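Subject: A structure for you to look through

Hi,

Here is the structure I promised to pass on to you. Have a look at it first, and then read my notes below with the model open beside them.

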Amino acid sequence: MTTGIDPDRWQYVSNFVRHLVDTGHLPAASICVTSGQTERRIAVGRFDPFDNHSLAITPESPFLLASLTKPVTVTAAMILVERGLLRLQDRVADMIPAMNSPEKSQIRIRHLMSHTSGLPDMLPDNDALRAAHARLSAFIQSTCHCEMLFEPGTQVSYQSMGTAILAEIVHLITGKSFSEFLRTEIFEPLGMHSTRLGVAGEDAARVVRVKITPQQAATNWNWNTPYWLGLGAPWGGMTGTAADLARFARLFLGGGSLDKVRILSPASVKMMTTSQMNAYPKMNDFDRRFSSWGLGWRVQGLGVGTNLGELLSAETFGHHGATGTLMWADPIRNASAVILTSRPYDESSTLLMKLSNAVSAVFVST
């Protein structure tokens, strides 16, 4: 028995997405689903949510992917683990001396990958750094001196700054900028030709604009500004298309290989897409049972507290992004979905869940 894409159900999803755009619930949406080698795409809406006369988007229109960047960053670090240049159990302080304080000295690489480091999601001076158009090095420096939330490995707390530190370690080990490492080691080999970490000029001008508040629009560091698009934040600054992200999902469904190009071993893929909470002896019982983070990926597990969808197998893994993005891959059905929108997640989370449910229902046994 195999799984395929039901044409009538896919047509329903297409109509549903067009309805959401036509009624103003979503300014724009681009979706790509895969079942084995079969792929379906739809892209509707306008480039600029504040301009009714702006150009219509296409499947080739790149979106700001936000935290869909995180599993890509973790993949970069896992490449170094597989090359013997890094260990999951390595102390971060051994590579970044400024992290060698009493409270941070026990942070390990695996903590950065699984949201168990105790570092914050956003820095206390996050807004000030962005308003000053700070470089990534300033975010790293501030992270090295920020207060910890808890002892590493005892709790789960979503942490963008842990991802920032992980990217800095890749940079220090390889001597390459992190964006260059992603380009040469992941994007180009996988044929993710529209994906970038940090864009400027014409490339930035092509990125679909995110619907922001008037208060955000008044800043010179919001999601749509040249500063943010050019910063290349390894925790949320990637831009790309739904089809490119679908290739990344298929890499993991293929055990680390896609179209005869191997990026990771099956062992790494298994570890990244399986809950790692039992690896921490001091982890509190609630997080051990319900915060099912792998390395870089959120694992569906019991489905308690996850935001991937309600009709997915327990083995499904994925991620969401603050700009209104969501992706998942279900190895039981050998299926994946990438849903990119331009309405921020804090406004659209319920809608994204409903849309994900409708998308997951297109995959049926044949």
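Let's start with Asp203. At 37% relative accessibility, Asp203 counts as partly exposed, because that value falls between the 20% limit for buried and the 50% limit for exposed. Please keep in mind that this is a predicted model. You will find Asp203 in helix α8, which covers residues 201-205.

Next, go to strand β2, residues 28-35. How many of the residues of β2 are buried? The count is 8 of the 8, so the strand is largely enclosed by the rest of the structure. In a regular strand, side chains alternate between the two faces of the sheet. You can follow this along β2: Ala28, Ser30, Cys32 and Thr34 point one way, while Ala29, Ile31, Val33 and Ser35 point the other way, and all are buried.

Which strands pair with β2? One partner is β3 (residues 38-45), which runs antiparallel to β2 and is joined to it by 8 bridges. Cys32 stands opposite Arg41 of β3. β2 and β3 form a hairpin with 2 residues between them, and Gly36 in the turn has a positive phi of about 65°. Strand β12 (residues 335-341) also pairs with β2 in the antiparallel sense, over 7 bridges. There, Val33 stands opposite Ala337.

**A three-stranded sheet**

There is also an open sheet of 3 strands, with the order β4-β6-β5 and antiparallel pairing. Its edge strands are β4 (63-66) and β5 (196-197), each of which pairs on one side only. Between β5 and β6 (residues 238-240) the antiparallel pairing has 2 bridges, and Leu197 stands opposite Met238 in β6.

Most residues other than glycine have a negative phi. Two residues are worth a look with that in mind. Ala66, in strand β4, has a positive phi near 55°. Asp259, in the loop between β7 (257-258) and β8 (261-262), has a positive phi near 50°. Are these residues buried or exposed, or something in between? Ala66 is buried, with a relative accessible area of 6%, whereas Asp259 counts as partly exposed at 49%.

**Two buried loop residues**

Ser54 lies in the loop between β3 and β4 and is buried, with a relative accessible area of 16%. What does the side chain of Ser54 reach? A polar atom of this side chain lies 3.1 Å from the backbone nitrogen of Asp48, and the side chain also reaches the backbone oxygen of Asp51 at 2.9 Å. Leaving aside neighbours within four places in sequence, Ser54 is in contact with Arg46, Phe47 and Asp48.

Asn224 sits in the loop between α9 (214-217) and α10 (226-231). At 17% relative accessibility, Asn224 counts as buried. A polar atom of the Asn224 side chain lies 2.8 Å from the backbone nitrogen of Val210. Not counting residues up to four places away in sequence, Asn224 touches Arg209, Val210, Ile212 and Leu229.

In helix α5 (residues 136-145), the buried residues are Phe139, Ile140, Ser142, Thr143 and Cys144. What covers them includes α4 (126-131), α6 (160-174) and α10.

Helix α5 also takes part in the lining of the largest pocket: α5, α6, α7 (178-190) and α10 each supply at least two residues. About 370 Å³ of space lies in this pocket. Of the 19 residues that line the largest pocket, the closest to its centre are Leu136, Glu168, Phe178, Leu231 and Gly232. What kinds of residues make up the lining of the largest pocket? They divide into 10 nonpolar, 7 polar and 2 charged.

Enjoy exploring, and write back with any questions.

Best wishes

Key
Residues numbered from 1 in each chain as written. Predicted model: local features only at pLDDT ≥ 70, side-chain atom pairs only at ≥ 80, totals over all residues. Heavy atoms only, no water. Helix = DSSP H or I, 4+ residues; strand = E, 2+ residues; numbered from the N terminus. Buried < 20%, exposed > 50% of the residue type's maximum accessible area, 1.4 Å probe, protein only. Polar contact = N/O pair within 3.5 Å; in protein donor to acceptor, adjacent residues only side chain to side chain. Contact = heavy atoms within 4.5 Å. Pairing = 2+ DSSP bridges. 1 Å grid on protein atoms, 1.4 Å probe; cavity = no way out; pocket = protein on both sides within 12 Å on 5 of 7 lines; lining within 4 Å. Points joined across faces, edges and corners; volume = space filled by probe spheres on them. Nonpolar A, V, L, I, M, F, W, Y, C, P; charged D, E, K, R; others polar.
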